[in-house]
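Work through the exercises below with the structure open. Each task is followed by a solution in steps.

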Amino acid sequence: MKSGIYSRRAILRGIGASIALPLLDVVPTFAQAPLTASSISTGINRLAYLYFPNGIPRGIWYPEETDQNGRLIKLNKWMSPLEPHKSNIIIPSNIWTPEGNGHVNGTPTWLTGYDYDSRAVNAGGVSADQIVARHLREETLLPSLELSLKGEGYFSNSLPRNAISWSTPDRPMAREIEPRTIFDRMFNTQTGGTSNRSVMDAVLADARSLGNVVSSADKLRLDEYFESIRALERRIEFAERQSEEMREDGALTDTLVAPTPGIPADHESYIRLMMDLMIMAFQSDATRVCTFMLDHGQSNRYFNFIPEVKGTWHALSHYQNASGMTEDDDGTTSWESVEQKRTMYAEVVRWHHHQVAYLLERMKSIREPNGNSLLDNSMVLMGGAIGDGNEHDASNLPTLIAGGGGGTIRTGRYIEHKEPTDLAGIHLALMQRMGVSLDRLGSADTSYQGLT
Amino acid sequence: MYLTKKIKFPVTKLAGSLVFAVSIGFACSNALAQSEAVHELTTLLEENCLACHGAATQTAGINLSALLEDRPLVKNLDTWRRVIGALEVGKMPPPEAPQPDPEERAEMLFLLRQDIDGFDYSSIDNPGFELMKRLTHTEYDNTIRDLFGVQLNVTDRFPTELIGSSGFENSYNTLFLQPSLMERYIGAAQSILELALPTEPSSAAHRRTREIIYVETPSLLVSEQKAAEVVLANFMERAYRRPTEGIEVKQAVTQFTQARTEGLPYEGAIKQVLQTVLISPKFLLRVEAGQDGRESYPVSDFELASRLSYFLWATMPDQELFDLAKEGKLSDQTVLRNQVFRMLDDEKADTLGDVFAAQWLGFHNVGTRIWLDPIDNPWCTASLMTAMRDETSMFFMSLLREDLPIRNLIDADYTFVNEELATTLYGIEGISGEHMRRIPIDDPNRGGILGHASILALTSNYTTTSPVKRGVYVLDTVLGTPPPEPPPNVGLLSQELQAMREMSFREKVEMHSSNEYCRGCHSRIDPIGFSMENFSFFGQWRETYDFRSRVDSAEEADESITINTETSPEPITIHFKNTKKPISSKGSLPGSEGFEGPAGLKQAILRDREDDLVRQVVSKILAYALGRQLEYYDEPAILNIISVLERNDYRFQTLLQEVVASYPFQYKKNPSEGIN
């Protein structure tokens, strides 16, 4: 049985010799010069979403200083990890979602712009990332990549808290939590699962006959099956094309080191490894759309590894009660004051900014064939569906946009909005930059105009 | 019994100032009164609720004007129950809004209950429809086990199964077939064949699997093609859980021949076809043939065999079920009854404890989400948590296998323990060894699930008990009568923070009840949890709360420990003072008199709430059996099962038999509109 191996060439394309992938330990020693670009043309744009749960303490998502045009001069101390990247980001104020709020309804609708119906398992519409993925699916190995971190504590298998990407209004995308699996899906067809042609052809022929047997409602489910198979077929074709390329380029073999199976114990290593994989996916053009949930929508993870922080994230978010005795608390952790608890909550936010800074730094350091950095050719939207964690409201949502979008975004700015501004409008604006022109998404019927 | 229950609300006003005494039956049979009632209800809701919950604003997603149009109101049973709940406890209208006077509130409740609880379900004929769904990961692993005769558990690295509002993994509306999962199936098919049928068999298990798969071998008398045909047809029939069609076998043999032509050895070519079968939707999905039309129709005997085996065993049917289906006998209700008895005896039925009961009662979370705590509670080991899960699972299975009444779920004079569980948590001596065994229990507090360590731990915080969680658990999970959701913005107690420092734990939780906004619900929730306070966060019995606080000197201390730390070169001695406070375990159930301790709680549940308990058990097991959340049109089936149970002392085997015999289990009806 022959199995296609994805082109190592693609992954190495454009990686300069000086850049190693720190956590993956990939040292492409022979790739001394940037490889000639073939399929990657200039002007390719990527879209990444970083879902950030549990909100923020109100008032830590503003810059400390801007000029009169809103140009970022100095970030506040809680956003300080992003200081080196302030010219690459936009901080919009007063963002909200009119529908679908909170941990349960806000998470699944962050990218759909509608409200969530938990009984029907329905997020109202297809999510922005999946609309773009569908548009681009012929172009890349994987239409999109859905990443999450392994949950800790309660709600780790609650559907609404773990679903932000919807391929149809009632079908969430499965999310990957294990670095090795993600790597294999991109670069190793053998364990990644595609199989040889004759098996696939036989399955399809056989499956079609089912359509005559089942009721019309059930045909929907069968369509789902065919759709999955078609997605795999596209992958196989893509892989075959690439292995052709590979045969012509015998030097490029086995330079990628796969991450070890399992989940890294250290949370920072885990999150950064996932970010590395996301970068790798963009770099190799394995996909151009990626969502990464920095935790599930009501994360109860302990951040005690941050000095001076104790208690679970969700408990910290309800900072107004420091007794340690509410139902959100773990029963052992208590705080000396509301102020202390709020500070710890803010520390967790800052810790995440450190990780985002890592991502941006890496993306900046990668040169693409058109001479720009990967970050210049990408758009990263970081944010969540809860404003102030204690208030549980959907106003002043923490939202941050990074990356140049292939020269379509003017970064380095704080954009103040007098009126509440619908997040779904920003989704529309980013989708446009991926080549998808839509008039509306969920509650928004106009695309946000402030990015240029 | 559910329908005939009289609502204790004899007097109401209808049509202006006239006063009628109304019973439910009367109101339903009187069309005039009913339309008046509809009008009255609409008017009252318009006055009191629609400003926030009307078409324009739809706060919390609730649009009562649309819901009022959607008749019968039971179509939106869950939402109306929430409305009733919120009105009942005074959560709605919220305190800052204008309040209806008490008569108006009572009137709204009466009219709503009349439409909801008093609805005449006999007019409804709909067994429902479950969209074709894939196997759950558990079902997939078990089915592979039965197909190949070896346990492989290849789904370990599949994406986690997520649970939606049915509460069970097997619900059709959460079993998606995403491309990334499809990749796993394809990879898994390959691994399964490599692991179960290696080119060079090297173990007894390999040889057993070969016997199951290679039911024919090419020889002088049997051509390769003929042998392949027999092998493949046999496998496909089992994998698809129904007889094969001629064309399917023909295609399979063609694929085999093609693979041979391409140079694969005989077994390699067979395995390629088996791999195809394992990623066919006929294997991965629970396929049921459809029929056209608007009438309900029975599922076929083979489909019934699968419904039965995935319900009772979480796996494919065995040979006996296949044979009965083939002979067309399985739909004979006597044959079916005997099969249920037979299947319950089989150890494969343990999935009713390990999967159904675990997901309903939540104890599948013990061990994955109740954490090891090696520092403060080193006794809390992985093996202890396994024993905790096994206790409840085995207890549940004993109720089924011994055909005990449903009430024994709450109160029983036995349980299952091993040495570790008995000594660590229950203070029971004289048990030795790791294996779980049945023991009698004479402590009136301990027997039944509310005295199980698994349930007590999962309704606790990480290291302390939570009367609120336990109260909600009893009302929601056990009795199926959840209190309304807490309002957003619950942390209202901050200003009282300092005062709380001085309070006992009970006093702190009781603050819920002193706060007007919280009282409505918490006066119902908290007293249940308080009655269980003698059970610690892991279910150990305790008479007092033990507090340990740091003190400065050895003189004040009851206990001193010396430890080495990284920060200090010298060992450090820490002094503790232990104080004890007695536990008060008085409690009450909503609307009934008080009681004392867990034993009192159990008696109160069985005295005052057995109807709710029965209804909850019936609903949960029916939802699991059907693989979907229940809808209003399932009510006749529920009522029917309950009435048969009533005549049979509420025994568990009657329950299983009646679920299997029920209309929705054996029939289906095409949905009028698209599903979701």
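**Exercise 1. Find how many salt bridges cross the interface of chain B and chain A, and describe the interface.**

Step 1. In this predicted model, the rule finds 4 salt bridges across the interface of chain B and chain A.

Step 2. One salt bridge joins the side chains of Glu183(B) and Arg185(A), with an N to O distance of 2.9 Å. The cut-off is 4 Å between the side-chain nitrogen and the carboxyl oxygen, so this pair qualifies.

Step 3. Contacts across the interface involve 75 residues of chain B and 73 residues of chain A.

Step 4. Between chain B and chain A about 6,400 Å² is buried, and carbon and sulfur atoms give 56% of that area.

**Exercise 2. Decide whether H10(B) and H12(B) are roughly parallel or roughly antiparallel.**

Step 1. Locate the two helices: H10(B) covers residues 224–240 and H12(B) covers residues 266–278.

Step 2. Their axes come within 11 Å and cross at roughly 25°.

Step 3. Angles under 35 degrees count as roughly parallel, and H10(B) and H12(B) are therefore roughly parallel to each other. The crossing is right-handed.

Step 4. On the H10(B) side the contact includes Val231(B), Leu232(B) and Phe235(B), and on the H12(B) side it includes Ile270(B), Val273(B) and Leu274(B). Sorted by class, the contact of H10(B) with H12(B) has 14 nonpolar, no polar and 1 charged residues.

**Exercise 3. Repeat the analysis for H7(B) and H10(B): which way do they run relative to each other?**

Step 1. H7(B) spans residues 137–148, and its axis lies 10 Å from that of H10(B), at an angle of about 155°.

Step 2. Angles over 145 degrees count as roughly antiparallel, and H7(B) and H10(B) are therefore roughly antiparallel to each other. These two helices make a right-handed crossing.

Step 3. Asp146(B), Leu147(B) and Phe148(B) of H7(B) touch Phe235(B), Arg238(B) and Ala239(B) of H10(B). The classes in this contact are 4 nonpolar, no polar and 2 charged residues.

**Exercise 4. State at what angle H17(B) and H26(B) pack, and which residues meet.**

Step 1. H17(B), residues 351–361, and H26(B), residues 610–626, pack at about 115° with their axes 11 Å apart.

Step 2. H17(B) passes H26(B) in a right-handed crossing.

Step 3. From H17(B), Thr351(B), Leu352(B), Val355(B), Phe356(B) and Trp360(B) meet Gln616(B), Val617(B), Lys620(B), Ile621(B) and Tyr624(B) of H26(B).

Step 4. By class, the contact of H17(B) with H26(B) has 7 nonpolar, 2 polar and 1 charged residues.

Definitions and conventions. Residues are numbered from 1 along each chain as its sequence is written. Chains are lettered from A and ligands numbered from 1 in the order in which they are written. This is a predicted model: local features need pLDDT of at least 70, side-chain atom pairs count only at pLDDT 80 or more; totals for chains, interfaces and linings use all residues. Side-chain values use heavy atoms; hydrogens and water are left out. Axes are lines fitted to C-alpha atoms, for helices over the stretch in contact, and angles run from 0 to 180 degrees between N-to-C directions. Helices (H or I, at least four residues) and strands (E, at least two) are DSSP runs, numbered from the N terminus. Angles under 35 degrees count as roughly parallel, over 145 as roughly antiparallel, 65 to 115 as roughly perpendicular and the rest as oblique. A crossing is left-handed if the near helix is turned anticlockwise from the far one by less than a right angle, and right-handed if clockwise. Contact means heavy atoms within 4.5 Å. Ala, Val, Leu, Ile, Met, Phe, Trp, Tyr, Cys and Pro count as nonpolar, Asp, Glu, Lys and Arg as charged, and the others, Gly among them, as polar. Buried area is the accessible area (1.4 Å probe) that two parts lose on being put together, summed over both.
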